[in-house]
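Hello,

Here is the structure for your files. My notes follow below it.

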Amino acid sequence: MLKKMMSNKVMLFVLFSALIMLLSACSGSDKPAEPVAKPAETETNTAPAKEEVKEEATPAPDLNGRVIRISHWWDATPKGDSESDELARERIKMVEEKYNVKIKYLNTEYWSTSEKLSSSVLANEPFAEIVRIPDGFIWGLMQGGFLTPLDDYLKDTRVEKDVVDSMRFGGDKVYGLESWYTPNESGMFYNKRIFKEAGLKDPQQLMDEDKWNWNTMLDAAKKLTVDGNGDGKMDQYGLAGAHYVLSEMLIASNGGKLYDEQTGKVTFNSPEAMEALNFLHSLYNEHKVIKANGGNDWEDPAKYFGEGTIAMYPGGLWEIEGRIVDKLKDEWGYVYMPKGPQAKTYHEPFGQTAAYVIPKGVKDADVIVKIWEELQDFDNWQDNRRLSLENILPDETSIANAMNDDGKVQRLFGGRFGGLGIKEQLDSVTEKFVKGEVTPSTGVAQVIAPAQAAVKKVLSGEQDKKK
């Protein structure tokens, strides 16, 4: 690059070259001299810039061929049948070479994961270096001392601060690893044919007009619950769902929570939550717009929606494959849950999540965190999510809703109650809503104290002291 200097600076070039050769000879090393930085190209600056000495990157730790086991409750081994899988395999290869390790994915049965983790830690032989686990198990394992605190290993991370902080589970220390949060995992499925035949605006049209709320949902549900053949039995219903799913989603849509992580208090008796429970009670008993399940609360609602006899079904995106796609022959769409009276925006309940944890006793935890991080596709996760949604959602509008492209859905943190015994208490009440056996105020008053006691038991570590 020195050739670019003006010809009338030849003497300076010669002197400078000689100086470089002299310095190289005096170094006593065979290593070539560091390249000289290019001078700034201005009319007045003809002197070369100072040398820039590049620091060599610290080599990655060598783990001597160690097997790094990563446990999920499914086989997470990338098969290579998609572009994202190919990229995942490339990252695995890079990590294996960089750290001299072998990545192995374990398929651990969902309900056995917690027990396997705790028992293996007690035996001083953690069964995996990284474990994917629902937060229902994290609370107890965290309080029982079975997990490695990760704060010190996340000071230089690509994970966003709010995601790191959300892995504190109401405490001071971080116990989970999560790379990002997808914007909208649960909402409302609706049958476009049913709305069109009734001459009603569908949820997407109402949402576009900023009129998608409990009142408009109820109005549609009442008009779309009909006895088509006049036999005295309803052939079509406005809504379907399980009482334990509807309660959580309605409470969140009104800005309420079941549990406040910061205070450690059960909050399904708050004004926002009670308003939602009263509304749910009315849907079952006053308006009668929810189709009764036939014995299987988990499977029946999606089954009914797939049969084309339900106008609206609140549920999760995970249900589409296997429950809706290829079963529902009608046109359908996906929108946010409607706003409750106390909500200023749409809310998605963050009732449960899952995270990666590192069991207590895993060696080189700091390196394991780096390995986990380098296996994540931070650069392409949004594109990958959109591609996956294109495979399951029916149209671009539904995809935009699932991606939260307009930013109108806010995730309601602080409600991760899994494993604390809260939901079981509330579900025992809403189960009676279906038959009209109890009012919300009476039912909640009966279970709020037992729910708080269950939380205290988990957070004190009493559940795990027996292990």
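Where is Asp 377 found? Asp 377 sits in the loop between helix H13 (365-374) and helix H14 (381-390). Helices here are DSSP runs (H or I, at least four residues), numbered from the N terminus.

Some ground rules. This is a predicted model, where local features need pLDDT of at least 70, side-chain atom pairs count only at pLDDT 80 or more, and totals for chains, interfaces and linings use all residues. Residues are numbered from 1 along each chain as its sequence is written, and side-chain values use heavy atoms, with hydrogens and water left out.

Asp 377 is buried, at a relative accessible area of 9% (buried means under 20%, with a 1.4 Å probe and protein chains only). Not counting residues up to four places away in sequence, Asp 377 touches Leu 87, Arg 91, Trp 180 and Asn 384 (contact means heavy atoms within 4.5 Å).

Next, the cores. A nonpolar core is a set of buried Ala, Val, Leu, Ile, Met, Phe, Trp, Tyr and Cys residues joined through side-chain atoms within 4.5 Å. The largest has 98 residues; Ile 103 and Trp 212 are among those touching the most other members. H10 supplies the largest share, 8 residues. A second, separate core has 20 residues, including Trp 332.

Last, a helix pair. The axes of H9 (residues 243-253) and H10 (residues 271-285) come within 8 Å and cross at roughly 135° (lines fitted to C-alpha atoms over the stretch in contact, angles from 0 to 180 degrees between N-to-C directions).

Best wishes

Notes: Helix = DSSP H or I, 4+ residues; strand = E, 2+ residues; numbered from the N terminus. Buried < 20%, exposed > 50% of the residue type's maximum accessible area, 1.4 Å probe, protein only.
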